[in-house]
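Please open the structure in your viewer and keep the selection tool at hand.

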Amino acid sequence: MLARRDRTLHPGFGEKKEIIDAIEAGRKAEADMQMARADMQAAGGYLAEMDKFLGDKEKMLKALDQMLQFEEDMKDHFNHAIRLTLEAYQVGPKVQDGPVVRPKDPAGRGQWSAGLVAIWKPELLYDTKSFRRVSGMDGQNHFLGGEINLTETGAGTSPDGKVVILRQIFENASRAGNPGLLGYLLHHESQHFTDLVTRGRDDYDQGELRAYTQSLKMADVFELSEDDKTFFRNRKKEHRQKIEGGRRGSLFPTPEQEKLKKVEGNRKMHNH
């Protein structure tokens with residue numbers, strides 16, 4: 001198992017500026033990508049019933065190439081910002097890889113994930129409707145993902161240890177001029193990853209309550225505003241109320257939900 005070294009989490013001005021610069025470069029690439037997509041759509045034209053392309057094919061293909069290149073640039077810059085943040089704030093679980101411990105799911109689901117090798121490697125997930133197939137230790141394929149609400153979710157840690165960071169946090173950090181927002185989010189996800197490989201994940205709400213409790217202790221290190229602190233405290237309160245009300249949510253979809261995710265994921269792949 002790989003272990004992270006510990007030190008005081010207080011990056012200097014230069015380190016924080018480097019993170020913000022990487023975020024700004026990613027946002028510029030994102031804007032360029034969106035412009036290239038608009039150019040591609042403006043140049044395209046396809047009449048399905050006549051099987052005939054009516055647009056400027058050369059212009060459309062050029063715009064498509066540009067869009068794909070800008071997309072790669074965007075991912076590179078945002079993922080670079082993640083790596084810089086991990087280093088600057090020394091955020092991350094002490095155990096950075098290892099087998100998934102059997103989950104303590106209240107519905108008894110997700111036992112297929114026990115024994116999968118989890119690796120701490122947070123990275124950008126740009127698509128807000130994403131599906132993944134995971135091969136479980138039971139020899140079966142399991143389907144995760146779905147629609148993501150960016151107003152409620154900034155990141156996620158899957159049962160196999162895959163950690164994703166959504167684009168909205170980069171915009172928030174850029175607007176606030178504070179890379180600590182990204183640092184806070186990574187710290188939060190590191191709590192989930194630690195549970196995954198050391199004690200086993202609890203139900204959704206218990207895991208979130210524990211992660212918010214630990215990460216809010218570091219609020220001042222990440223220089224969170226009072227509004228940010230209030231937002232995260234309210235989220236923590238919501239999870240506590242669900243636990244106290246006996247309304248704990250499972251981390252794992254039911255077999256029926258998995259079937260729907262499989263259908264939606266296959267449909268999305270076919271449409272693309």
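Display the surface of the protein chain: its accessible area comes to about 14900 Å², and carbon and sulfur atoms account for 50% of this. The model shown here is a predicted one. Of the 272 residues in the chain, 45% count as buried.

Among contacts in the chain with a separation of 6 or more, 69% are between residues 24 or more positions apart.

**First stop: a helix pair**

Select residues 204-216, which form helix α5, together with residues 226-244, which form helix α6. The axes of these two helices come within 9 Å and cross at roughly 145°. The crossing of α5 and α6 is left-handed. Now show the side chains at the contact. On the α5 side, the residues include Tyr204, Leu209, Tyr212 and Leu216; on the α6 side, they include Phe232, Arg233, His239 and Ile243. What kinds of residue make up the contact of α5 with α6? They divide into six nonpolar, three polar and eight charged residues.

Move to Asp202, which is placed in the loop between α4 (180-198) and α5. Is Asp202 buried or exposed? Its relative accessible area is 10%, and Asp202 is therefore buried, as the cut-off for this class is under 20%. The side chain of Asp202 makes a polar contact with the side chain of Arg199 at 2.6 Å. A polar contact also joins the side chain of Asp202 to that of Arg210, at 2.5 Å.

Select Glu223, in the loop between α5 and α6. Glu223 is not a glycine, yet its phi is positive, at about 55°. With a relative accessibility of 42%, Glu223 counts as partly exposed, because this value lies between the limits of 20% and 50%.

Finally, select Gln90, in the loop between α2 (57-89) and β3 (97-99). What is the phi of Gln90? The value is near 50°, which is positive in a residue other than glycine. Gln90 has a relative accessibility of 5% and so counts as buried.

Methods: Residues numbered from 1 in each chain as written. Predicted model: local features only at pLDDT ≥ 70, side-chain atom pairs only at ≥ 80, totals over all residues. Heavy atoms only, no water. Axes fitted to C-alpha atoms, helices over the stretch in contact; angles between N-to-C directions. Helix = DSSP H or I, 4+ residues; strand = E, 2+ residues; numbered from the N terminus. Left-handed = near helix turned anticlockwise from the far one by under 90°. Contact = heavy atoms within 4.5 Å. Nonpolar A, V, L, I, M, F, W, Y, C, P; charged D, E, K, R; others polar. Buried < 20%, exposed > 50% of the residue type's maximum accessible area, 1.4 Å probe, protein only. Polar contact = N/O pair within 3.5 Å; in protein donor to acceptor, adjacent residues only side chain to side chain. Areas by Shrake-Rupley, 256 points an atom, 1.4 Å probe, with all protein chains shown as cover.
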